[in-house]
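Student: I have a structure open and would like to learn how to read it. Could you walk me through a few features?

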Amino acid sequence: MISMKRMNAILMKDFKDFSRNLYVSTVLILPIGLGIMYGRAGIDSIESHFMLINLAFVMVATFIQSCLIAEEKEKNTLRSLMLSPASTVEILGGKSLLTFILTMFVVVVTAYFSGYNPANIGIIMIAFILSSFFYIALGTLLGLFSKSVMEASVIVLPVVTVFSLGSFLPTLIEQYPILKIGMYLPNIQLIELAAKVEAGGGFGNVILELFIILVWVIVLFLVTRIIYRKKMVD
Amino acid sequence: MENIIEVKQLAKLFGNQSALESVDFHVKKGEVFGFLGPSGSGKTTTIKILTGQLIATSGTAKVFGEPVSQLKKSKYRSRFGVLTDNSGLYERLSIRDNLKLYCDLYNVPHSEINEVLDVVNLKEDQTKRVSALSKGMTQRVILARALIHKPELLFLDEPTSALDPGNSLHIHEGLRALNKKGTTIFLTTHDMQEAELLCDRIAFLDRGMIQLLDTPKKLKRRFSDSTITVELVTEEKVKLPAGKEGANRLFDYMNSNQVMTVHSNEPTLGEIFVKVTGRELD
C-alpha cells in the first residue's frame, strides 16, 4: 500500500531543499519572463504559444526533476532513501510531486502572460497534466543516468532543444519528409491537440492525441521504474 | 541463540578481481559482531551485500532468516539501519529536518529526534544546517539517522573514523546502551580498541577471507605467550614464565617488597592481526 505520509515527507523535504537551491529554482523565472515578452509582442500563433509552453514543460518538469534526482545521486541521499522502507512509487512519487506542482504553476502562468486563451480550458488542462507526467518521467530518467547536477544540466540540453524548438517541426515536414516520424512526439501531439481545440474540436476529436501522449507516459514510467530498480544495487 | 545474519561461502568478484572469497560466518541476535580488516579487505563489500546494495557472485547470505534479495521489501527495511561511507545527508537542511524526514519514512514520532541526538551528542546543534557541520558532526548525524527507528540490526561501517576521542567514547556508550536494549550490531572498524571495547565476537578479514573468528578474550588467550611482566621498584622489568618457576620467582620478589606492578603479557588485537595476516591494519 502506498503511504501518503512518506510521499508528503519527501515532498516537504524537497520543498525546503528546493527553496534554498538558487541554482535550480531560478530556472522557474525563465519561461514566465519569456511569456511576458511574448504577450507584449502580441504573438498569437498556436505553434509560437506552444513552443513557449513546451519550453516551460521541459525547463521545469524535465530540467528541475533531472537536477533533483541527480543531486540525490551525487550526494548519496538517493541510496539512503532506497534503503529506507519507502517503496519505489513512494520515493519517485514524492520526488515528482514538487516538480508537478511547479510545472503546472509555471506552465499556466506562462501561457496566461503570453496571451494564450484556449477555446476549451478543460481539455487543455488534461493535456497539460498528461504532458507534465511525460516530462517529469523524462527528467527522472535523465537524472538517474547522470552522476551529478552538472552532468544532468548538460544531458538535458538536447532534450530542451528537441521539445521546445521541435514545436516548429510540422512546418519543416514538406521539405524533410523523414521528420514525419517526429510527429508522434508528445510535444507535437500537444500542438495538434491545441490546434483541434482552437478549431472547435471537443474531447472526442482529441482522443488520439491524448492517447499517444498517454502511451509515452506509460512507456517512460516503465523504463524509469526498471532503471531505478537497477540503480538500487551497485 | 537465533542467528540474525547467516553467511555461507560468500564470494564477490569485481571483473577479475576478487573482493570476497568464500566467507562464512553468522551473527547471533543481540550480539555485537566486529568485522576487522585493512582497507580493501572486503568489509564494505560485505555490508553492501548484506543490506541488498550489491549482489554476491556466489554463496548465500541471509538476514532475519531471509535471503538478502528479500530485503527490498519495506517490512525488512524498517528492521535494520545502515551507516556506510556512501550514506548522504541533505546539506541545505538542518540536522533536525534531515531526521524529521527519516522519522516520517520509518513511521517514528518526531519526539524520538531529541533522544537520538542525545546519543550522538548533537542536541544543541539540531538547528544547524548540515553544510555548516564538520566531518565528525556529519558522521554523527548519519549515525543518528541510522538509529532513529531503533533498528533490530544495525550495520555500522567505520562509525567513529572521523570522530575525536571524546565523541567516539560518547558514541560507544550510546551503542552499548542500544545493544543492551536488544539491537544487534554488525560493526566494521580499523580501530582495534573500539573492537575490543564493543564486540562480543570478532572476525579478522584479509584478502577477502576470514582469517580468524572468536571472542576478543579467546583470541588474546590463544595468542598469548603465557608470561607475566613484573615491574620492580627499581623500574626494572622482569618477564616471568608461566608455571612453578615463574610463581616461585614472583613470590621471592613479593616477599622482598620489590614488586611495583604485575602485568599479564597478552597481545593486542592489532598484534594478533599482524601475526595472522602478516599485514598492518592501515
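Tutor: Gladly! Let's start with chain B, whose domain assignment (bounds come from an automatic or database assignment) gives domain 1 (3-220) and domain 2 (225-265). This is a predicted model, where local features need pLDDT of at least 70, side-chain atom pairs count only at pLDDT 80 or more, and totals for chains, interfaces and linings use all residues. Residues are numbered from 1 along each chain as its sequence is written, with chains lettered from A and ligands numbered from 1 in the order in which they are written.

Student: What separates the centres of domain 1 and domain 2 of chain B?

Tutor: Taken over C-alpha atoms, the distance is 43 Å.

Student: How many residues of chain B are in contact with chain A?

Tutor: Two residues are in contact if their C-beta atoms, placed from the backbone, lie within 7 Å. Here 23 residues of chain B meet 20 residues of chain A. Helix α3(B) gives the most to chain B's side, with five residues. (Helices are DSSP runs of H or I, at least four residues, and strands runs of E, at least two, numbered from the N terminus.)

Student: At what angle do α7 and α10 of chain A pack?

Tutor: Axes are lines fitted to C-alpha atoms, for helices over the stretch in contact, and angles run from 0 to 180 degrees between N-to-C directions. Helix α7 (residues 121-145) and helix α10 (residues 186-198) of chain A pack at about 180 degrees, axes 11 Å apart. α7(A) and α10(A) are therefore roughly antiparallel (over 145 degrees; under 35 is roughly parallel, 65 to 115 roughly perpendicular, the rest oblique). Among the contact residues are Phe134(A) of α7(A) and Leu190(A) of α10(A).
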